[in-house]
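Thank you all for coming; I would like to take a few minutes to walk through one model. Please have the sequence and the structure open as we go.

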Amino acid sequence: MLFVEVALKVPLHRTFDYKIDPNITVQKGCRVWVTFANRKLVAMVVDIKTQSDVPDNKIKAINSVIDERPIISDAYLTFLKFTARYYCHSLGETIFTALPASLRQGEHPDKTQVPDYTLTEEGKASPKLRAKKQLALIEHLKGSGVTSLTELKALGFTTQQIKPLKEKGLITEAINHCEAWSSDTLEIASKPRLNEEQAAICAAVNQQAGYRSFLIEGITGSGKTEVYLQCLEKILNAGKQALVLVPEIGLTPQTVNRFRRRFPNTPIDLWHSNLTDNERLHTWRRAQQGSSALVIATRSGIFLPLKSLGMVVVDEEHDGSFKQQDGLRYHARDLAVFRCATQQIPLLLGTATPALETLHNALSDKYQLVSLTKRAQTKVDNAYLLVDMKGQPHQNGFAPTTLQHIERTLARGKQVMVFLNRRGYAPTLMCHECGWLSECHRCSASATYHKGMSRLVCHHCGEQSYVPPQCVDCGSTNILPVGLGTEQVEQFLELQFPDAPLSRIDRDSTRRKGALEEALNEINEGGARILVGTQMLAKGHHFADVSLVVILDVDSGLYSSDFRATEHMAQLITQVAGRAGRSGEPGTVLLQTHYCEHPLLQDLVNNGYGDFARYALKEREEVALPPFSFLALIRAEANNAKLVIDFLSDLVPASPFSGIQLLGPIPAPMERVAGKYRYQLHIQAQDRAILHSYLTQLLAYVDKHPLANRLRWSIDIDPMDTY
C-alpha cells in the first residue's frame, strides 16, 4: 500500500499521512483534496511512502487528486522546507503562503490568462484623441510595444481607458500562452557608457561562475540601476530568467519603465500585493513555465518558482519592507542569499546605506564588497546644513533659515522636497485647560488628528472617531493640535508660497488607485515645485529638478530604546538627502535639529553613512548585539494581560540553557493594540545553531502547552523591531 505525506495550511509543526488508492497516480509536488478535522482542505504532497507510523485503521484516504503533474519542483520544495525550518514556521503554512490564493483554493494553474495589448497600424499613426489618459496610453505602447494589462494598471491606466481604444481599433488584445521565452528575440536598446567603477563591478559579476553575493555600496545617484541592467544583459542573453526585488509597490512602475526601455522586446512581469488573484496566478504560472524573462517584485516575489533563474537583484537591500511582520516572518533578502547559494547563481545587493548585518558579511568576506563613490550626474556631493532649532522662533515647525532657503530655491526655478515621516495634521489633540490628549481607546497610543477628513484616526488599529467639539474631561473648547503632520506642513507652505504648486505624497493622499503614479508624473513633468511627503518619497525615486531637501523633526530618531534606531535614522536621512542634486548641479540638504552636536549627525554630515556604519559595527561588537549575536522573539497577545504573562513566564526554564540568554517577559513597545495586550520574550545566542536547537525544543513544548490555544503567539527570527 502507498501513502502520501502531505502538508496542510494549519498551524501545526508536522505533516500528515493519507492512503492512496492503487489506481490513483499522484506525484510529489501535486495538490490533493483531503478531509481534515471534518473539513475538506487542499494539501500539498511532500513525499510518497510505502510505510506509515500511523496505525492503518486511523489513516484516511485522500479524496481526489487536483494536479496531474507537480506544480512545484523538488528543488523548490527544498527551499520552502528550509524557510519553514529557519523561521520556525509550520511547513504547511509556509508552502501555502508561497502559493497564489487561487492555487491555495484548489484552482487549476491555467485557470486564467491576462491579456497583452499592442498598437494597430491606426494606433501607430498618432490618432487625435481628446482624453489625455488615452493619449498617454497610446504613447506608452509606442515606446514599449507589447504591454500586459497588469503593467498598464501598475502605470495608472484603467480598463475604462483601455476599452474605448480597443473599440476604436487603435489597440488589439491578445492572450499570450505560457511558452518559454527565447533569448533569440532579445533586443537591447542603446546604453550609456559606464564609468570606471561601474565597469569594474559589471566585469566582476559577469566573470563570476556560480554563487557569489555582491554588495554594491553606491552613494545615491551613482548609477546602481545601470549596473543592474548591464549585469542582467548577460543573464538574459543566456536565456535565463532574473528576479528584481524592490521594497515598495510605488517603485515598480518606474523600475518597469527603466527596464522596458532597455529590453523592449523582453517579457517583463510584475508581482506585488495590488494585483488581483488572477493576475498573481498568471505571473506565477509564467514564471514557473519560463515565459517571464524578468520579474520585478516586492518581497513575496522571492517565492516565485522561476524555471531557469539566473540572477537575483535586491535593490535597497537595507529596507525594512523586505521583512514580513506577521504570519511567516521571513526576510526576502536573507532568503535570496540561500536561494542563490543553492542554485549557484549570483546575487546583487544594492544600496547607498547597507544594513549593518549585510555590511558585516561583506567586511567578513562572506559577500564581495564593491563600491560606487561617484555620482552619475554631478561631480560634487550635496551640501549638508544643520539648522539649530534651539532658541529660534519658528513657524509651524520651520526655522526662518529654512524658509529663506526654500524661497531662494523656488526663485531659481528648482523643486523643494520637505520630508516629515508623520502623516495627518497633528499627532494628537490636547486640551489647553486640563491636558487631555486624544488617545485611542483600544491602543496605548494617541489618535492622530486628520483635519481634511475631520477625524481622529489611530494609525495602529485603524479606529476612527469624530473630533470632539469640547474636551471630554473638562468641557473646555480650547482644544489644540500638538505636533506636526504632513497635512499641516502642506497647509502652511501653501499659504507661505502661494505661487508654488505643491504636491503631498503619503498614504492618505495616494489611497486612490493610480494616484501615486499621477503625482509622480506631475512632479517629474515640473508641475509641482514643492514636494511634501513621508518615506514614500525617500525610496529610489528620481526627481531631476529637486535641488533642496528639508528634513523636519530629525530628533525623533536620535533617542530610542531600540538598538537599531540610530542605524535606521542614518539610513533614512541619507536616502532622503539623495533625492537632491540629481540633475547635474549639487543639491542642499537641511536638517532641523535641537542637537547639532549629536555624534550621529556630525558623523553623517562630515564623513557620510559609510563611516558611520563601520563605527556602529564596532559599537555593536563591544556589546555583543547583532550581527555579532543572534536574536529571536517570542511574541504573545490576548485580551487578558495575565494570560500572556503566565504563558511567556512558563517558557522560561528553571535552569539556564547553555549559550542562551533570556530577557522577559516584557511589554512590547506598544503594550496594547486593538484591545489586545502584547508581551514578548527575548532569546539571544552567540551561535545560530545553538539558538535554533533551543527553539526546536521550545516549539515542541509550546505545541503541547495548555495556554497556547487561548492566545495568539509567534516566533520571530532575526527580528527588525525588538523593543
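Predicted model: local features only at pLDDT ≥ 70, side-chain atom pairs only at ≥ 80, totals over all residues.

Turning to the overall form, the protein contains 21 helices and 30 strands, and its C-alpha atoms fill a box of roughly 85 × 75 × 55 Å along the principal axes. As for the surface, the accessible area comes to about 31,800 Å², with 48% of it belonging to carbon and sulfur atoms, while 54% of the 723 residues count as buried.

That brings me to the interior. In soluble globular proteins, nonpolar side chains tend to be buried together. Here the largest nonpolar core has 114 residues, and those with the most contacts inside it are Ile95, Leu243, Ile302 and Phe303. Helix α1, residues 74-86, gives the most to this core, contributing seven residues. If we take Ile95 and set aside its neighbours within four places in sequence, we find it in contact with Ala7, Met44, Val46, Leu77 and Leu80. There is also a second, separate core of 31 residues, which includes Leu186, Ala242, Val246 and Met311.

Thr486 is found in helix α15, which spans residues 486-496. Is Thr486 buried or exposed? It is buried, because its relative accessible area is 0%, and buried means under 20%. Beyond its neighbours within four places in sequence, Thr486 is in contact with a list of residues that includes Arg422, Arg423, Arg504 and Asp506, and also Val532, Gly533 and Thr534.

Arg620, in helix α19 (residues 609-622), is a charged residue that likewise counts as buried, at 5% relative accessibility. Its contacts, again leaving aside neighbours within four places in sequence, include Glu357 and Glu567, as well as Leu356, Phe563 and Phe628.

Next comes Asn278, which belongs to helix α11, residues 277-289. At 30% relative accessibility, Asn278 counts as partly exposed. Not counting residues up to four places away in sequence, Asn278 touches Lys111, Thr112 and Val114, and although Val114 is 164 residues away along the chain, the two C-alpha atoms are separated by 7.7 Å.

Finally, where does Lys307 lie? Lys307 is in the loop between β12 (294-297) and β13 (309-315), and it counts as exposed because its relative accessibility is 57%, the limit being over 50%. Setting aside neighbours within four places in sequence, Lys307 is in contact with Gln241, Ala287, Gln288, Gln289 and Gly290; for Ala287, which is 20 residues away along the chain, the C-alpha separation is 6.5 Å.

That is where I will stop, and I am happy to take questions.

Definitions and conventions:
Residues numbered from 1 in each chain as written. Heavy atoms only, no water. Core = buried A, V, L, I, M, F, W, Y, C linked by side-chain atoms within 4.5 Å. Buried < 20%, exposed > 50% of the residue type's maximum accessible area, 1.4 Å probe, protein only. Helix = DSSP H or I, 4+ residues; strand = E, 2+ residues; numbered from the N terminus. Contact = heavy atoms within 4.5 Å. Areas by Shrake-Rupley, 256 points an atom, 1.4 Å probe, with all protein chains shown as cover.
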